[in-house]
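Have the chain open in a viewer as you read.

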Amino acid sequence: MKTKIISLLLAGTIFAPASAWGQASGGTAAPTQGGGAGSVPTGTGAQSGAPGGQALDPTAGDAQTPEEQVEVSTPGGGALAEDIVVTGSRIPNVQRRSAEVVSILSTADIARTGEGDIAGALGRVTGLSVVGNGFVYVRGLGDRYSSSLLNGSPLPSPEPLRRVVPLDIFPTNVMASALVQKTYSVNYPAEFGGGVINLTTRAVPDETFLQVGGSLGADTVTTSELGYVYDGGDHDWTGFDDGTRKVPGAVRRAGTGLTDVATGDLIGLNNAQTTLLLQNNQLPANFFYEATLGTSVDIGAVRTGVIAAAGLSNGWRTRGIRQQVANDDAGTLTEDFQTVLTDNRVIVNGLLGFGLESGDQRIRWTNLYIHDTLKQGRLARGSIGNSNQGVVDPNAGIAPLIDQNTRWFERELIDTQLVGEFKFGAFSLDARGAFAKTKRDSPYERAFRYEYTTNLTQNGVTVPVNDYVNRLGQVTSFATVAFSELDEELITGQANLTWAVPFETAFNLSVGYFYSDTDRSSFRYDFRVRAPNNAALADPYAQLRPDFLLSDFNVQVNGFYLDNESTLSGAAAYDAGLRIHAGYAQVDGEITTGLRAQVGVRYEDADEFVLPVGGFVATRLRNDYWLPAVTVTWSPASDMQVRGHLSKTLARPQFRELAPQIYQDFESDRLFFGNPALVDSQLYNAELRYEWFFAREQRLAFSGFYKRIDNPIENVAFFAGERLQTGFANAPQATLFGGEAELQKYFNLDSFGDMFANKRLVLIANYTYTKSELKIGDELVADPSQGGSTVRLTSAAGLFPDGAPLTGQSEHLTNLQLGIEDRERLSQFTVLFNYASDRATNRGPVQSGVRLPDFRERPGLRLDFVARQGIKLPYVGKQIDLKFEARNLTGTGYREFQTFENGVRVDLNRYRLGRIFSLGASVTL
């Protein structure tokens, strides 16, 4: 690997184009999983009476392949363990059997997409889109309107800006299924706006197996191309710090009121390893390894099993970004930078699960560990409004300013769950307890700004310089370092009891209790390096590169010190918590032949608080709600259903949205800040859906939906001085309506000759149209730009445009999968098409009383190709599963922009995304 120290004098000539994640992916079809109480098998199994326990569908023609059994562990799932009888016929498919609108991804479905993580696979589900690093949006709504569960228990997020867990940290090799429910049922937590995503891990395997695999990938604009890196520690390639970035004790003591750190403490900071940015002309390829082991043994009537999985992925992404900022309604640029960001992302995951089954009884103990690290190098050149642009000759290709940043974002999730799913005659009981701990550490967020200067005046003498200088303590040349840590613990417990009432028709009565206790602590300390008396650093010291600038010798000669600026832009630390007690009751059964209803109500009492230090505004939200839900299903024919749904749900503001503390988002390269005056959002939901299951595994569905949201929380951009930031505010009201269409169809190809014997064409297509509008009048709302030291009300009409769509919501979402697969062996060739229309990311900032245009992003069109082929190894009788992926064949880039009335377009974030190619293999021993 060739690297060289970046010369600031040459920085204007070494910028390169950007790329996308070179993310290697894995995941192959797992051994078929068994079902049990609360674990829903989609195949009819032995209940059908078919030979071997497999039911053959007479409508399937020659495709007499048994349906894959899908294992789902969900609260109150015991009622789903039995087939619901409607109009005299059993319904074997969970998407038909469920009273709610659900989508299921089995291991085979996930494998067909070729994705190595759950987020990528879910992006193919009707109405779902993936934004940024694995955040799943349902029906175009932001992630705050979705929730994520693991085996039916909530997960805390290791990402403090988000409410849900970024699902791209969950590899597919540990998952048995992914369920997406889009209509609310009261057995789920009340924070349900767009939907809930329930991931089920593997439990007891049918047989002993060992699966190992790996892949190697390349990105056309990252791999073997230029990027910017820094040394860090010796173990960085694993995603774990070796102690290089240990937070000094003097920094931790800053939270007790320390204002300055003496010279000796500054010397104690790690310097060159976290400061010196290097140019790497040949970034490495991406790689991914995984291994999964499962076994089971029968001890009398009890079947016990264990499953263990581990994986490591290491991927690179370089983005050459055009970043601009305008602060008036004419689109006049106040910042214009060309930025190169190089990310090295390492994900380590492990799962250890133990299962015990006896008849309809099941106990599952699951332990999950995920460690997700992003190491980032950043170099930018450009200008701001007050830089000395008139001094620099633009024809010389020299930018007035150069910024350099080195960052390390380390996230960790530890989760242990114990689930018991039991059946006693007509009663089904499931009890769940979970403890989860997440943390996010970001030590040594270093930033340097150098300014190009032609002359310097020292002691009354003007000398020519013609170089980039850092004089420290100035607006246009400085050195800063920040340390932040976040720790969160979540304890949950719940119990659900279902009684299959012995009526002539199917009728279930369910009750349940839920408890959740979340605690979070967070600190962020910001320091600026200053010379004594805040004087400007003299030449020649000001010309030194960053590591020499902060060397021990230079510190001693010039008497540098660290100025604690932690409270200048927000609270240095805060504690937060959320306590929830909830109970529900629900009935589900046939009213008459062909007509089924599920009616329930949930009571939820919550106490949420955020307590910042340093005199900033605290938050205390104590609310209780009654939340009803009704779904009626009419079956006009044995293969058709019409569903109608009404419900009320919630969306609470999250800790990060409430906390008055600065947060650096590495994906958007933007600062975020909370608003302590946010309140709960309340949602009123309605849906009507038609489904036609015209053949096994095949369906056609249409639906229309409507939502009214009171006090929706919106991302709002604002200026803090000259810096552009994102805050949060409650809009008065919004409405959302739309429709979905979904088709899954198979075509047998046997008639086309021997070459296509046992093959079929797979067509899976879905489209979602969503239209949302903000309803804005003369209401007053809390201003998100007040810095958290006070609450000021402002006109909602000044912050929000009436009739504008919700942030994060795309009007059009389209997914298409077209492939050929063999029905008797592993052989799949799939083309995947995905399109999402433009969506707003932020409401535009208000400047001089004028609201500027909204920030919008353009996801655009993506075309992928995935091929999977099984090859038998001679002599050993084993099969190797080969996989080839070609992602983003359209070369679709990323663009976040503002469009002004005069036609001026400002590119907030614009960069290319590369085409990604990977080749992988796995073998089951």
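## Ground rules

A residue counts as buried under 20% relative accessible area, as exposed over 50%, and as partly exposed in between, with a 1.4 Å probe and protein chains only. By that rule Y663 is buried, because its relative accessibility is 5%.

This is a predicted model, in which local features need pLDDT of at least 70 and side-chain atom pairs count only at pLDDT 80 or more, while totals for chains, interfaces and linings use all residues. Residues are numbered from 1 along each chain as its sequence is written, and side-chain values use heavy atoms, with hydrogens and water left out.

## The whole chain

The chain has 925 residues, and buried residues make up 61% of them. Its accessible surface comes to about 32900 Å² (Shrake-Rupley method, 1.4 Å probe; for residues, only the protein chains shown count as cover). Carbon and sulfur atoms hold 57% of that surface.

There are 10 helices and 49 strands. Both are DSSP runs, numbered from the N terminus: helices are H or I with at least four residues, strands are E with at least two. A contact means heavy atoms within 4.5 Å. Among contacts between residues at least 6 apart in sequence, 75% join residues at least 24 apart.

In soluble globular proteins, nonpolar side chains tend to be buried together. A nonpolar core here is a set of buried Ala, Val, Leu, Ile, Met, Phe, Trp, Tyr and Cys residues joined through side-chain atoms within 4.5 Å. Which residues have the most contacts inside the largest core? They are F483 and F560, in a core of 32 residues. Strands β20 (427-458), β22 (478-500) and β23 (507-530) each supply at least two residues of this core. A second, separate core has 18 residues, including A731, F800, A804 and L806.

## The second largest pocket

Rolling a probe the size of a water molecule over the atoms shows where empty space is left. The search uses a 1 Å grid over the protein atoms alone. A pocket is an open set of points with protein on both sides within 12 Å along at least five of seven lines, where a 1.4 Å probe fits; lining residues have an atom within 4 Å of a point.

The second largest pocket holds about 1500 Å³ of space. That volume is the space filled by probe spheres set on the points, and grid points are joined across faces, edges and corners. Its lining has 48 residues, of which E335, R449, F478, L671 and R723 lie nearest the centre. Strand β20 gives the largest share of the lining, five residues. By class, the lining has 17 nonpolar, 16 polar and 15 charged residues. Ala, Val, Leu, Ile, Met, Phe, Trp, Tyr, Cys and Pro count as nonpolar, Asp, Glu, Lys and Arg as charged, and the others, Gly among them, as polar.

## Buried residues in strands

Y663 is in strand β29 (residues 663-665). F673 is 10 residues away along the chain, and the two C-alpha atoms are 6.4 Å apart.

S647 sits in strand β28 (residues 640-651). It counts as buried because its relative accessibility is 7%. Setting aside neighbours within four places in sequence, S647 is in contact with Y184, P628, A629, L683, Y684 and N685. Its C-alpha atom is 6.7 Å from that of A686, 39 residues apart along the chain.

G727 belongs to strand β34 (residues 723-730). Its relative accessibility is 0%, so G727 is buried. Beyond residues up to four places away in sequence, G727 touches F673, E714, N715, V716, F718 and P784.

## Buried residues in loops

Is A531 buried or exposed? A531 is buried, because its relative accessible area is 7%. It lies in the loop between β23 and α7 (546-549). Leaving aside neighbours within four places in sequence, A531 is in contact with F560 and Y561.

N151 lies in the loop between β7 (146-150) and β8 (153-154). Its phi is near 55°, a positive value in a residue other than glycine. N888 also has phi near 55°. N888 is in the loop between β46 (879-887) and β47 (894-899). N151 is buried at 0% relative accessibility, and N888 is buried with a relative accessible area of 0%.
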